[in-house]
Amino acid sequence: DQLVALVMADRECSRRTQEVCNLDFAPIWGSQDMAGATVKIAQGKDATRVNVDVRFPQNEVRKLTYVMVKTAAGWRVHDIEYDGHESLATMLRAKPK
């Protein structure tokens, strides 16, 4: 719920200001352009962390980690960690630039 609220607040900020606030890419992919991307998902020993390799046509690979929490409604994404910058929740909590 907290991550959804942060994403929705960022969308509202962008709508209100007509500018990019904190998020200028598709967070689930870690990219602005996911055309042609393939995804490899691997669960590790810890069920709360799901490792994802996103491979792009230019042979670029981004490593993402979906941080999961178990709720009464099932497993939910709590945060997404990226190999090249701060996590999704950290970015969304920041004051817009």
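Is Asn59 buried or exposed in this predicted model? At 64% relative accessibility, Asn59 counts as exposed. The close-ups below start there and then move on to other spots.

**View 1. Asn59 sits in a loop with a positive phi.** The loop in question runs between strand 2 (49-55) and strand 3. Have a look at the backbone here: phi of Asn59 is near 65 degrees, and that is a positive value in a residue other than glycine. Because its relative accessibility comes to 64%, and exposed means over 50%, Asn59 goes down as exposed.

**View 2. Gln18 also has a positive phi.** Again we're looking at a residue other than glycine, this one with phi near 60 degrees. Gln18 belongs to the loop between helix 1 and strand 1. With a relative accessible area of 66%, Gln18 is exposed.

**View 3. Cys13 and Cys21 pair up in a disulfide.** Their sulfur atoms lie 1.9 Å apart, and the disulfide count for the model comes to one. What is the handedness of this disulfide, going by the torsion about the S-S bond? That torsion is about -85 degrees, so the disulfide of Cys13 and Cys21 is left-handed. As for accessibility, both cysteines are buried.

**View 4. Ser31 is a buried loop residue.** You'll find Ser31 in the loop between helix 1 (2-17) and strand 1 (38-43).

**View 5. The largest pocket holds about 290 Å³ of space.** Helix 1, strand 3 (61-71) and strand 4 (74-82) are the elements that each give two or more residues to its lining. How many residues line this pocket? There are 14, and those nearest the centre are Leu3, Val4, Arg76, Val77 and His78. By residue type, the lining of the largest pocket splits into nine nonpolar, three polar and two charged.

Terms used: Residues numbered from 1 in each chain as written. Predicted model: local features only at pLDDT ≥ 70, side-chain atom pairs only at ≥ 80, totals over all residues. Heavy atoms only, no water. Helix = DSSP H or I, 4+ residues; strand = E, 2+ residues; numbered from the N terminus. Buried < 20%, exposed > 50% of the residue type's maximum accessible area, 1.4 Å probe, protein only. 1 Å grid on protein atoms, 1.4 Å probe; cavity = no way out; pocket = protein on both sides within 12 Å on 5 of 7 lines; lining within 4 Å. Points joined across faces, edges and corners; volume = space filled by probe spheres on them. Nonpolar A, V, L, I, M, F, W, Y, C, P; charged D, E, K, R; others polar. Disulfide = S-S within 2.5 Å.
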